[in-house]
Amino acid sequence: MAKQSKKQLLLAVSSLGMGNLASSIFSFCLSLYTLQKTGSSLVFSTILLINHVIKLLFTPLVGYTVDKYHHKKIAIGAQLVSIVLDVIFLSLIELLSLNEQILLIALAVIGLSLADCFQETSYKASTKSFVAEEYCQKLIGYEQVVTAGTAILAPILGGVVFSWLELNWVTIIELIGEVVSLLLISMIDFYLVEQRQSSHLSSIKESFKAGINYIRQDKNLLDLLLFAVFANFSLGSIEVGLPVIMVKQLKLGSELYGMTTSCLAMGMLVASLFLSKLNLNGAYLGFTGRNGVVLSIIFAIFAFIELVENIYLITFILGLGMFLIGGILTMSNLPFAMYLRTQVAEDYQGRVGSTMSSLVSLLSPISFAIFGLLFNTLASLWIFSFCGIILLIDSLFLLKNKHTS
């Protein structure tokens with residue numbers, strides 16, 4: 001079983017890495033192409049928001065389907081849909097006018113986002129089935145390495161590819177990545193550890209309600225979800241506020257801002273390398289709570305950053321802070337993912353996983369809108385302080401509840 005689990009782990013991580021990198025480069029190039037051709041930030045932001053909206057709208061259907069049907073068939077089917085959409089896009093993009101191209105891009109992003117939802121949810125819902133229990137944390141840790149690596153490489157490679165190649169060649173690269181990912185997925189035994197029993201679910205509506213009730217009744221799961229929501233919401237203040245502080249207020253320039261933001265992905269990557277070696281011993285709430293306390297301290301430091309006068313010291317502090325934030329968010333995601341993918345009942349994996357993912361991702365566009373308004377009216381001191389206090393209260397709540405979990 002150990003040898004087979006290692007093989008499964010390698011196939012899973014390879015398919016995830018290939019698919020994510022190709023999709024991320026393609027999405028990056030599509031967004032740049034849209035902005036370059038239209039010059040409209042509204043159209044550009046609309047394309048970026050599609051993935052969040054699709055996740056939210058189709059959560060009940062995705063969760064119901066994954067919990068009812070064979071996971072591998074869903075994953076392969078979703079991957080085939082992505083390939084067909086890429087072929088259609090490649091066949092049409094050069095034949096259309098600009099407005100028609102933008103419409104095609106929007107439809108392609110909608111279709112690919114929906115296919116990714118089905119593929120990703122069915123994959124994650126099978127964690128306990130395709131590797132032995134002692135390899136679950138290794139799998140999640142390696143996935144974090146792939147995610148962090150993609151976050152670093154995709155913008156770099158996307159910028160190079162976009163400047164060198166036409167959009168149809170970018171689509172061919174995406175198509176090749178999806179085909180390779182499909183081949184790797186087809187080689188994975190989704191039920192190596194145990195054969196999943198077929199689920200007899202009621203309607204999509206009743207199935208979704210049952211998933212919501214499951215989350216409400218599992219106190220540990222609900223506590224971890226609330227922390228993820230607060231952390232994701234607070235991170236929006238960093239994403240909106242950092243360019244405002246560095247570029248607009250302190251006039252530090254886009255170069256220093258770019259260097260600072262890249263520290264986030266570096267922190268994610270470094271932390272990811274240590275995840276597979278950690279031993280949580282079931283301390284899901286305590287581990288998350290301690291990370292949250294450190295995160296709230298970083299927000300407190302950011303709140304008073306404008307009191308520092310030396311621009312190089314400011315850049316160092318912000319860069320170090322972003323590095324630590326990337327590491328902490330990655331470390332905090334481990335207990336969240338471990339509990340969700342190993343402790344939630346198998347028949348609820350799809351519904352609970354897709355619902356929680358949608359709730360967390362929903363906060364991103366909402367926080368961008370809220371903090372976009374707040375940074376026009378309030379000083380960063382009050383905004384970052386508020387976020388830090390929220391995180392500190394929730395983290396202390398987790399630490400208090402760890403003894404009763």
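A210 counts as partly exposed, because its relative accessibility is 23%. The cut-offs behind that word are as follows: buried means under 20% relative accessible area, exposed means over 50%, and partly exposed lies in between, all with a 1.4 Å probe and protein chains only. A210 lies in helix α9. Helices here are DSSP runs of H or I with at least four residues, numbered from the N terminus. Leaving aside neighbours within four places in sequence, A210 is in contact with Y348 and R351, where contact means heavy atoms within 4.5 Å.

The model is predicted: local features need pLDDT of at least 70 and side-chain atom pairs count only at pLDDT 80 or more, while totals for chains, interfaces and linings use all residues. Residues are numbered from 1 along each chain as its sequence is written, and side-chain values use heavy atoms, with hydrogens and water left out.

**Other single residues**

L90 is found in helix α4, residues 71-92. L90 is also partly exposed, because its relative accessibility is 25%. Apart from neighbours within four places in sequence, L90 is in contact with N168, T171 and I172.

I156 sits in helix α7, residues 136-164, and is exposed, with a relative accessible area of 52%. K251 is placed in the loop between α10 and α11. K251 is exposed as well, with a relative accessible area of 64%.

| Pair | Apart in sequence | C-alpha to C-alpha |
|---|---|---|
| A210 and S122 | 88 residues | 18 Å |
| L90 and L175 | 85 residues | 9.2 Å |
| I156 and Q101 | 55 residues | 25 Å |
| K251 and K138 | 113 residues | 43 Å |

**The nonpolar cores**

A nonpolar core is a set of buried Ala, Val, Leu, Ile, Met, Phe, Trp, Tyr and Cys residues joined through side-chain atoms within 4.5 Å. The largest such core has 55 residues, and those that touch the most other members are L221, I238, F302, I325, V352, M356 and F384. At least two residues of this core come from each of α9 (204-217), α10 (219-249), α11 (254-275), α12 (284-303), α13 (311-342), α14 (349-377) and α15 (380-401). Which helix gives the largest share of this core? That helix is α10, with 15 residues.

Leaving aside neighbours within four places in sequence, F302 is in contact with I238, I317, L318, G321, M322, I325 and F384. A second, separate core holds 22 residues, among them L30, I54, L112 and A154.

Helix α12 is mostly covered, with 14 of its 20 residues buried.

**How helices pack**

Two packed helices are described by the angle between their axes and the distance between the axes. Axes are lines fitted to C-alpha atoms, for helices over the stretch in contact, and angles run from 0 to 180 degrees between N-to-C directions. Angles under 35 degrees count as roughly parallel, over 145 as roughly antiparallel, 65 to 115 as roughly perpendicular and the rest as oblique. A crossing is left-handed if the near helix is turned anticlockwise from the far one by less than a right angle, and right-handed if clockwise.

The axes of α10 and α15 are 10 Å apart, at an angle of about 160°. α10 is therefore roughly antiparallel to α15. The crossing of these two helices is left-handed. Residues making the contact include F227, F230, S234 and I238 of α10, and F384, C387, L391 and F397 of α15.

α10 also packs with α14: their axes come within 8 Å and cross at roughly 30°. This makes α10 roughly parallel to α14, and the crossing is right-handed.

A further pair is formed by helix α1 (residues 2-38) and helix α5 (residues 98-124), with axes that come within 11 Å and cross at roughly 160°. α1 and α5 are therefore roughly antiparallel, and their crossing is left-handed. The contact includes F26, L30 and Y33 of α1, and I102, I105 and L112 of α5. Both L30 and L112 belong to the second core.
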